[in-house]
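Here are some notes for a colleague who is opening this structure for the first time. Please keep the sequence and the 3D view at hand while reading.

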Amino acid sequence: MYPADYRYSKDHEWIKAEGSTATLGITDYAQEQLGDVVFVELPKVGAAVKAGAVFGTVESVKAVSEIFSPVTGEVAETNPLLSATPEKINQDPHGAAWLVKIRMTDPKEVSGLMDASAYQQYVAAKAKENTA
Amino acid sequence: MDSKSVETVIPAETIRAARRHVSRNENLIFEESAPGKRGMELPPLDVPAVDPADSLGDAFARDDVPGFPEVSEIEVIRHFTRLSTWNYAIDLGMYPLGSCTMKYNPRVNEFVARLEGLATEHPLQPAAVSQGCLRILHDLQKCLLEITGMEAVTLQPAAGAQGELTGLLMIRSFLQDRGNPRKKVLIPDSAHGTNPASAVIAGYEIQNIKSNDRGQLDTDHLREFVTQDVAALMLTNPSTLGVFEERIAEIAAILHERGALLYMDGANMNALAGVARPGDFGVDVMHLNLHKTFSTPHGGGGPGAGPVTAKKFLEPYLPAPTVFQKEDGTYALDHNRPKSIGRVRAWSGNFGVLLRALAYTLAYGPGIRQATEDAVLNANYIRKNLDDLFDLPYDLPSMHEVVFSDARQKKHGVNTMDIAKRLIDYGFHPYTTAFPLIVPGAMMIEPTESESKQECDLFIQALRSIAAEAESNPEIVKTAPHSTRVGRLDEVAAARKPVLRWRP
Amino acid sequence: MRYLPKSPSERGEMLSAIGVASIEELFESIPAEFRLSRPLRLPGPLSEAEIIQYFQARAAENSRGFTSFLGAGVYPHLRSVVADSLIQRGEFLTSYTPYQAEFAQGTLTAIFEFQTLMCQLTGQEVANASMYDGSTALTEAILMAHRLTGRNQVLMARSVHPQYRQVFATYARNLGIAIEEVGYTSSGQIDLGSLPPEKIRTAAAIVVQSPNFFGVLENVPGAADSAHAAESLLVVTVAEALSLGVARPPAEADIVAMEGQSLGVAPSYGGPYVGVVATRERFVRQMPGRLAGQTTDEDGNRGFVLTLATREQHIRRERATSNICTNEALFALAATIHLCLLGRRGIRELAAQNLAKARYALGELEKIPGVLRSFSGPFFNEFAVDFPRAVKLVNASLLREKIIGPCVLGAHYPELTKRGLVCVTETTPRAEIDRFVAAVRKILENPV
């Protein structure tokens, strides 16, 4: 379910690093919690992002979810599909519905994040909390 | 719609409060339009006619309003009458919406608001020919001061949210006068969304305070939160759980000893009018929602009015102008208010709404206490008759509203939204779902004093029946409502690709 | 009490069911020291007949029997009893905000029609379901421009309604927004010449009113060009909505903030009225206020819902586009019905009557020695006039003739004490215009 070569943050973002560029999205757990996505707000290309800071939002009908960047850097690309078809986030959150590509200033920041199996456990614990 | 009648899907004996009736289909008015029809004719012109293009010049003139409908008077009557039959309304039955106080809107209020000599008056008229209007404002002011136990009042704010902003701006100006407006406003996590939104406009940062495990303000830790940076606490009392903050005197004292002020959101005043006065229990400034406690009609979303009452020390900061009575007994507007926060709205407020609120208050007089008692009686009666079937997250005394949760029904896959939608099939408007935020799966119920015992019993029976359905036939609850003109509407499509106007 | 549907015995039964002996027990959570032991000192209780008597007495203490020439943001116009009888239907009057769309399709459909009519009238692409009034609609429109551009300065024409400017100043004060006033020329329009591009480049918006407070129509395309050349926005506020029946709509504006009182809403001493914000589709997510959107149910039936709610306070809380919750829905409905009755031809005819009446009145006034129109720009139903003496004095004498004279511009523009704003609508009979002109002539013939 959660690709082994991605890393994951506590705020349910995934990040795939390739050298100093990272692709970023929200996880399947996040999209499920949100429900049908209706709108995505992303920063402009060239904007600076900081680790731990909000850089955009994903909206459903009744909720707004902030997206936090797990790394510091500059926005290199934003996904052109999401303004016309935000539902891609529900359909393919780990693939076609990536949000941004970031040129990282410190690629080592990625290693501090959870790997796939740690994230899997984290999500399982959260799910238990919600139904308690 | 499904070809089966509602009755075969749901056995007839389970629906006791509602039956379907025929309602006509209706297009948009633009779709009924045809060139040459008109709905209103004008008296003839008694001065020479002019041509707009000549008078204004071609650069400023317009020769058409494309797309404007052309329909006859009968079509307008039928169109809007048919539309109205698709609505629920207080005149039809209960709206148990928590903190909305959907009480009866007295019809005499509509009559007096329309009187020639009141509806016709221009707000810029000299005071000499506006004594009637000014006296109405002044008389209402006196009533609101007495009801809230306060000493200063403005009727200018157009709604509760504007009242909140006004109160916060007054607090800011007062603190500024003392040298430091401070930076933060404390807001409980159970607060209505307008509270933080208003605080931001007043230039304050929000600090959310978590409610304690009883759903009340965490008074034990309040001292830690009230630093020198805190200008005020915005409190709703009774809370959005319908529970009175018993330690209110302590809360006020803690704030005051640190130079901070206590703002009260008066949305739940229906639990207090005639019984207790916020001015007596330490509130410095508050707003009232006249479209809640004071019966002015909601009209599908507004208008409202949000007067603010306050202690004397805040009087200089009231929005200008204020309404006052001169020594000779006449009434006037006072524009000479150097410390005023300024204007929050043009003119003196939603006069027509203020007028209706005064008519309501005059109808009751001191007997307004009875309305409050009946409101609290109804809420507790409903609570007592449902607390065996629905989860009560906080077992504290309810005042005018009670908050259940869907915890028990969730075990069968039925949530508060489903239950609310199923209530529609029983002839009731849903209660408030998804609020307050501190109760997951909230069912917030406020009957108001306008409901008879019979109506309360019908409501109780409906919810008891739905609780049973949640166990025996959850599908029927999860796919409700079944008896409305349209089923659940696709809100996702509406938000993804918004269509916000008709186009030919 | 007639509003309380309980008999004493029913109250007793309910108390027993709850398990308390008296109603007082249900208030015990209020500390005893705060529970009132005396009845409130309030007038009443009054029967329905007495309530009517009270308000009829108040109605007789106002301006009955007087003829008014006041406009200045509130305009007396013909209203139809059809609209008034429809908005008194309980299903409209006493219904709640249409959050539960399935049985509020009446309200939601009417809102959708209102939004459409407002777009057609203003030449904009989207409109909301109403704001409180013109003054707060303008405030919200400028705040919207501030959010869209990220700029902290606003260029505000002095010819914008003084009260609208005051309201914006109250809101702007704590949001770090600076207001710079822009003067007017002899035409009565905004002095765009005094705005070099460098000045506009730091502004979120240029703000004009059209027709402005002096009654003069602004050059909206020109103002838009100036704003857009500096990547700023143009916000236009309209206080006299009926003018749009014959005047070019502000289609080049980025955001329009309109007061809809002229569209079938009674003057009612200042409110309730109906504001609206209209704008371009691409700005819709920054709009304040509710929006009704078209959609379908699972069977494909057309229906309407409140949409894009994530902009609003109940979801976004402190990050909402506005704190507005309650709006002016019932009067948006009244305006909707009124416009449907007037229709495409009627609104034009009614607006044209206003043009005619105002020009007749101006023509007659200018026959009086020393009385001259103040500005040269095009006007709708309101115009400023120079008098040879202070308008306040003229008005004091007019009042004795049961005439409420022009708005004293000097109260808001200290340089204009001898200038008065005269408004004449289709509701002012010719005989009253003639009487007014004759009275002014007589007053001016007498020494002060």
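1. Two residues are in contact if their C-beta atoms, placed from the backbone, lie within 7 Å. In chain B, residues 24 or more positions apart account for 73% of the contacts with a separation of 6 or more.

2. This is a predicted model, in which local features need pLDDT of at least 70, side-chain atom pairs count only at pLDDT 80 or more, and totals for chains, interfaces and linings use all residues. Residues are numbered from 1 along each chain as its sequence is written, while chains are lettered from A and ligands numbered from 1 in the order in which they are written.

3. The C-alpha trace of chain B spans about 75 × 70 × 45 Å along its principal axes. Of its 504 residues, 57% are buried (20 or more other C-beta atoms within 10 Å of the residue's own, C-beta atoms being placed from the backbone).

4. Chain B has 16 helices and 12 strands (DSSP runs, H or I of at least four residues for helices and E of at least two for strands, numbered from the N terminus).

5. Contacts between the chains involve 161 residues of chain C and 169 residues of chain B. On the side of chain C that touches chain B, H11(C) gives the most, with 22 residues. By class, that side has 85 nonpolar, 48 polar and 28 charged residues (nonpolar: Ala, Val, Leu, Ile, Met, Phe, Trp, Tyr, Cys and Pro; charged: Asp, Glu, Lys and Arg; polar: the others, Gly among them).

Terms used
A residue is buried if 20 or more other C-beta atoms lie within 10 Å of its own, exposed if 12 or fewer, and partly exposed in between; C-beta atoms are placed from the backbone.
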